[in-house]
Amino acid sequence: MRKQIAAANWKMNCTFQQGEKLLDDILSAEIELASHQLAIFAVPYPYLLMTRSEVEEEQNYYVAAQNCHDKKFGAYTGEVSAAMLHSMNVNYCVIGHSERREYNGETNAMLADKVNLCFENFITPLFCCGEPLNIREAGTQNDYVAVQLKESLFHLPADKIKNIVIAYEPIWAIGTGKTASTEQAQEIHQYLRSVIAGQYGEAVANEIPILYGGSVKANNAKELFSCADVDGGLVGGASLVAADFIEIIKALK
Ligand code: PGA
């Protein structure tokens with residue numbers, strides 16, 4: 001079975017102490033993950049080591065960074081490279097979240113560089129795509145997300161892209177309490193998989209987990225994750241409440 005993933009995206013929330021407590025509370029639920037199930041915590045950079053040491057004894061629990069820089073190293077004050085993350089045993093990194101695309105001007109071309117640096121450093125990118133509201137209203141969301149995949153990922157050889165994780169996050173659903181319906185989620189996830197299959201073949205497309213993100217909550221996770229092409233979620237707000245994220249992990253197929 002394809003990997004099923006509950007990924008927490010803390011964004012710029014929690015003090016260090018609150019973060020530690022949140023992790024302790026979630027881990028104390030002792031949810032046993034099957035071999036195809038993963039729980040990943042994308043935490044602020046200063047919390048990576050603490051999070052790694054919290055999860056490293058746990059089966060299939062991982063830490064992720066929320067970003068890395070698009071250059072290898074050098075005079076980029078305040079930035080963090082993929083090589084630095086690798087040197088801290090961080091194995092996952094969120095790439096191209098819509099908030100970074102919007103507030104930090106991240107382009108599809110820059111994200112292609114970040115994806116390459118992740119792979120060079122043995123880090124699995126959690127690559128985000130998704131359309132804004134005006135594109136959804138115009139009905140052109142499929143073309144929009146296909147371009148995001150093509151321009152940032154389709155230079156990769158099959159043996160690299162098959163290891164990526166994709167998160168489809170419609171921007172109109174992020175932090176708004178509006179969730180895509182299961183039909184909307186399944187339709188576009190299936191479409192994304194077909195675009196990958198068109199480029200790399202069915203076998204590769206069938207291996208890639210495609211997570212849904214955008215107001216995933218404890219009470220809608222099970223329904224969303226039940227869709228054939230939805231392989232879990234990238235969760236913001238609800239990942240900050242231990243009881244909610246526990247339910248979301250339990251909702252994985
Ligand atoms: P949300 O955020 O769950 O708060 O909508 C999702 C995300 O931005 O990854």
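User: Let's start with helix 7 and helix 9. What is the handedness of their crossing?

Analyst: This is a predicted model, and in it helix 7 crosses helix 9 in a right-handed sense. To read the handedness, look at which way the near helix is turned from the far one: clockwise counts as right-handed.

User: At what angle do helix 7 and helix 9 pack, and how far apart are their axes?

Analyst: The angle between helix 7 (residues 141–153) and helix 9 (residues 182–200) is about 40°, and their axes lie 10 Å apart. Angles under 35 degrees would count as roughly parallel; helix 7 and helix 9 are therefore oblique to each other.

User: Which residues meet there?

Analyst: From helix 7, you have Gln141, Asn142, Asp143, Val145, Ala146, Leu149 and Leu153. Facing them from helix 9 are Ile188, Tyr191, Leu192, Val195, Ile196 and Tyr200. Sorted by class, that contact of helix 7 with helix 9 has 10 nonpolar, two polar and one charged residues.

User: Which residues of helix 1 and helix 2 meet?

Analyst: Helix 1 brings Phe16, Gly19, Glu20, Leu23, Asp24 and Leu27, while helix 2 brings Met50, Thr51, Glu54 and Val55. By class, the contact of helix 1 with helix 2 has five nonpolar, two polar and three charged residues.

User: On to the strands. In what sense do strand 2 and strand 3 pair?

Analyst: A general idea to begin with: in a regular strand, side chains alternate between the two faces of the sheet. In this model, strand 2 (residues 37–42) pairs with strand 3 in the parallel sense, over four bridges. For a landmark, find Phe41, which stands opposite Val63 in strand 3.

User: How many residues of strand 3 are buried?

Analyst: Four of the five residues in strand 3 (residues 61–65) are buried, leaving the strand mostly covered.

User: Last one: Asn121. Where is it, and is it buried or exposed?

Analyst: Asn121 sits in the loop between helix 5 (108–120) and strand 5 (124–129). The cut-off for buried is under 20% relative accessible area, so Asn121, at 13% relative accessibility, counts as buried.

User: And which residues does Asn121 contact, beyond its neighbours within four places in sequence?

Analyst: With those neighbours set aside, Asn121 is in contact with Ala82, Ala83 and His86.

Note on methods. Residues numbered from 1 in each chain as written. Predicted model: local features only at pLDDT ≥ 70, side-chain atom pairs only at ≥ 80, totals over all residues. Heavy atoms only, no water. Helix = DSSP H or I, 4+ residues; strand = E, 2+ residues; numbered from the N terminus. Buried < 20%, exposed > 50% of the residue type's maximum accessible area, 1.4 Å probe, protein only. Contact = heavy atoms within 4.5 Å. Axes fitted to C-alpha atoms, helices over the stretch in contact; angles between N-to-C directions. Parallel < 35°, antiparallel > 145°, perpendicular 65-115°, else oblique. Nonpolar A, V, L, I, M, F, W, Y, C, P; charged D, E, K, R; others polar. Pairing = 2+ DSSP bridges.
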